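Trainee: I would like to go through this model and ask what stands behind each label. Please set the values against the cut-offs as we go.

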Amino acid sequence: MNDSASVAWRALIQAALHRNRSDPGARYIQLATVDPQGHPRNRTVVFRGFLGNSERILMAVDSRSEKIHHIAHRPQAQICWYFCKTREQFRIAGTLETIAADHPDPQALKQRLQLWQQISEKGRLLWFWPEPKAPLAPSEAFVQELSPEQAILPPDTFVALLLDPMEVDHLQLKGDQVYPQLRTLYERCKSGWQQRQVNP
Ligand SMILES: Cc1cc2nc3c(=O)[nH]c(=O)nc-3n(C[C@H](O)[C@H](O)[C@H](O)COP(=O)(O)O)c2cc1C
């Protein structure tokens, strides 16, 4: 979907990323899921960009982590993203899709490989470490370097995660000459995206 309201919120995020580029935390987002018991679960992940020209948000996660079980059970999720410098919050709700090593679509597997290639050498190590949340393993198990062969292809633990947004809630604490704060809702419906101004 490529109508103007979608383009508008995506452009606002791109502008926020640019204006907050001096803040190393600007690419950290909070991703909330719901566990099988119905309890909310939240964690920080790195925003890895939009998938191509789409509005889908890319993240990189571990197949062994708890969030994967949450998503398999219930794919609905919300991202909360605060930009300190420009004092604005985006809350992006939608549906998550995982692209794991056994994904049937070759195009999706290509996207997973491209995501792996954009991660730094140091960043890739995590997917070779022992199982998340298992009892602490001996320190030698936490590899600090990868062989060139290991680094080329993503290991089976590497999962590309995509959020397909349905609703974007943008709150600007700075406001303009007229209003002290501004809040805009973007909602996806059958005919496309709709945008409306609401009270903060
Ligand atoms: C600054 C920061 C960035 C992080 N980035 C990621 C990330 O990109 N992907 C990821 O899976 N976990 C990332 N983590 C770790 C997660 O917050 C979390 O601890 C881990 O994914 C396990 O979450 P789960 O048990 O809810 O699945 C990051 C943590 C911090 C503090």
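Mentor: Start with a term: helices of at least four residues and strands of at least two are DSSP runs, numbered from the N terminus. Keep in mind that this is a predicted model.

Trainee: Which residues come nearest to the ligand?

Mentor: The shell holds 14 residues, and Arg43, Val46, Val61, Ser65 and Lys67 come nearest. A residue counts as near if its C-beta atom, placed from the backbone, lies within 6 Å of the molecule.

Trainee: How do the residues of the shell divide into nonpolar, polar and charged?

Mentor: There are 7 nonpolar, 2 polar and 5 charged residues in the shell.

Trainee: Why is Trp129 called partly exposed?

Mentor: A residue is buried with 20 or more other C-beta atoms within 10 Å of its own, exposed with 12 or fewer, and partly exposed in between. Trp129 has 14, and is therefore partly exposed. Trp129 lies in the loop between helix H4 (121-124) and helix H5 (148-152).

Trainee: Which residues is Trp129 in contact with, leaving aside its neighbours within four places in sequence?

Mentor: Ala141, Phe142 and Val143. The cut-off for a contact is 7 Å between C-beta atoms. As for Ile119, 10 residues from Trp129 along the chain, the C-alpha atoms of the two are separated by 16 Å.

Trainee: How do you know that the radius of gyration of the protein chain agrees with a compact globule?

Mentor: With 200 residues, such a globule would have a radius near 16 Å; the protein chain has 18 Å, which agrees. The C-alpha atoms fill a box of roughly 60 × 35 × 35 Å along the principal axes. Buried residues make up 22% of the 200 residues.

Trainee: How many helices and strands are there in the protein chain?

Mentor: The protein chain has 5 helices and 8 strands. From the N terminus on, the order is α-β-β-β-α-β-β-α-α-α-β-β-β.

Technical notes. Residues are numbered from 1 along each chain as its sequence is written. This is a predicted model: local features need pLDDT of at least 70, side-chain atom pairs count only at pLDDT 80 or more; totals for chains, interfaces and linings use all residues. Ala, Val, Leu, Ile, Met, Phe, Trp, Tyr, Cys and Pro count as nonpolar, Asp, Glu, Lys and Arg as charged, and the others, Gly among them, as polar. The radius of gyration is taken over C-alpha atoms; the globule rule is 2.2 Å times the number of residues to the power 0.38. Two residues are in contact if their C-beta atoms, placed from the backbone, lie within 7 Å.
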